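Morning, everyone. Please look at the structure on the screen while I talk you through a few of its helices.

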Amino acid sequence: MIKKNILIIGAGISGLSIAYHLGLENTQDVLVIDKGYFASGATGRCGAGVRQQWATKQNCLLTQWSMKFFEKAHKVLDYEDLELKQEGYLIVATTDDEVTKFKKNVKLQNELGIETRYLSVQEALDIVPHLNPDNFLGATFNQSDGHLNPFKTSEAFYLAGKRLGVTYSFHEEVLSIQSVTEGFIVTTTKNKYLASKVINAAGGYSKEVGQMVGIDLPIYSEKHEILATEPIERFQGPMVMSFNKNIYIQQVPHGPFVMGRSEIGIKPSHDISSSRSFTRKMSQTVMDLLPKVGELRVVRTWAGSYNMSPDRQPIIGKTPVENYYVACGFSGHGFMLAPIVGKLMSEIILEKETTMTVETLSLERFKNNQEIIVEQFVV
Ligand SMILES: Cc1cc2nc3c(=O)[nH]c(=O)nc-3n(C[C@H](O)[C@H](O)[C@H](O)COP(=O)(O)OP(=O)(O)OC[C@H]3O[C@@H](n4cnc5c(N)ncnc54)[C@H](O)[C@@H]3O)c2cc1C
């Protein structure tokens, strides 16, 4: 039996960031285990967009902190280039209801120091001239939103964690967890460990890893598809997004457009296959909103899992099982939350004062039908 202090299950962006932040606090004997390699789950399949434009104060604060981290990440993680591009998110309003709500969101964000602006159709066209003016009523824009390369960002956390003494084991699957007096006996496809603390950062499989200690986490996984076009000379700076049309479209630094959409009413599953209907519906929506982009050829489609929580906000921290922690339920925005999630999780695990309030992120919030605030502005 191999003894470990902290065993993290999952080397996605969440597990990697938690390990790095624990390493920063000189925590000894931290092991990250993944059944694949780092970023082989949702992280390596995601759009890696980072926005601070949210409807809940909590998500605004979480992403604002994370964005500040990403801005200095190449320095603090000592990684040459994470391909951070801050050319903004332009979110179009396509209904009167969205116009009203977006203006409210801008007010909230501005109060928190997030410099989002509400734009008329003409002002939005000045930023993204190829938008179809007939299909939206206004937009919000934040220049400092953007995206990164998810593989490079993961590698940066991985290497920085390694330098701080974190160890990693890949192609090793956790099969069972048994609670014992000294902690947990974790049985994998390769070893048996005795760990004092276990962290469930298993992304789309967090529910199953929760069940290993008898916890029924209120989460489920659902498929989300995404595609990349042929590369083309750059002509779109910001990420263009529509909640009502359920899409996001960005041009990445080397030229291709990367875009995804949510399928309303999709059933919970671990399916991550690509479908023809996704490409067809994506093309139709792009032709409506950004006809010039709709002319490009698709070169690749893929899919990944969103791990959904009841209020579309993450679940992080302690659980009813002492020394067993979770970081899951990221509902499609876990990449952008990873820096602050790693920081908060390390503080919770090490029993330190947290950088910001964590009660509203805890598993406890779903107990006894307490009122929850659902984040509506998600794709
Ligand atoms: C198409 C798509 C687009 C997205 N776009 C964005 C975006 O633009 N911005 C954003 O912020 N978020 C986005 N997301 C969401 C984001 O990808 C996730 O929220 C985030 O990557 C979650 O990271 P994670 O580390 O929690 O999970 P994951 O990256 O899924 O990592 C979990 C890891 O756990 C491992 N694992 C699971 N079970 C076991 C086991 N039993 N034993 C060992 N290892 C195990 C898996 O192999 C995996 O590597 C998108 C997601 C998808 C699918």
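Let me start with handedness: a crossing is left-handed if the near helix is turned anticlockwise from the far one by less than a right angle, and right-handed if clockwise. Helices here (H or I, at least four residues) and strands (E, at least two) are DSSP runs, numbered from the N terminus.

Some ground rules. This is a predicted model, where local features need pLDDT of at least 70, side-chain atom pairs count only at pLDDT 80 or more, and totals for chains, interfaces and linings use all residues. Residues are numbered from 1 along each chain as its sequence is written, and side-chain values use heavy atoms, with hydrogens and water left out.

Now the whole chain. It has 9 helices and 18 strands. Its radius of gyration, taken over C-alpha atoms, is 20 Å, close to the 21 Å from the globule rule (2.2 Å times the number of residues to the power 0.38) for 379 residues, so the chain is as compact as a globular protein of that length. The C-alpha trace spans about 65 × 40 × 40 Å along its principal axes.

Next, two helix pairs. Two packed helices are described by the angle between their axes and the distance between the axes. Axes are lines fitted to C-alpha atoms, for helices over the stretch in contact, and angles run from 0 to 180 degrees between N-to-C directions.

Pair one: α1 (residues 13–24) and α9 (residues 334–349). Their axes are 8 Å apart, at an angle of about 40°. Under 35 degrees counts as roughly parallel, over 145 as roughly antiparallel, 65 to 115 as roughly perpendicular and the rest as oblique. So α1 and α9 are oblique. α1 passes α9 in a right-handed crossing. Contact means heavy atoms within 4.5 Å. On the α1 side, the contact is made by Ile13, Ser17, Ile18, His21 and Leu22.

Pair two: α1 and α5 (residues 150–163). Their axes come within 9 Å and cross at roughly 30°. That is why they are roughly parallel. This crossing is left-handed. From α1, the contact uses Ile13, Leu16, Ser17 and Tyr20.

Last stop: Ser66, in helix α2 (residues 57–76). Is Ser66 buried or exposed? Buried means under 20% relative accessible area, exposed over 50%, partly exposed in between (1.4 Å probe, protein chains only). Ser66 is at 0%, so it is buried. Leaving out residues up to four places away in sequence, Ser66 touches Met336, Leu337, Ala338, Pro339 and Ile340.
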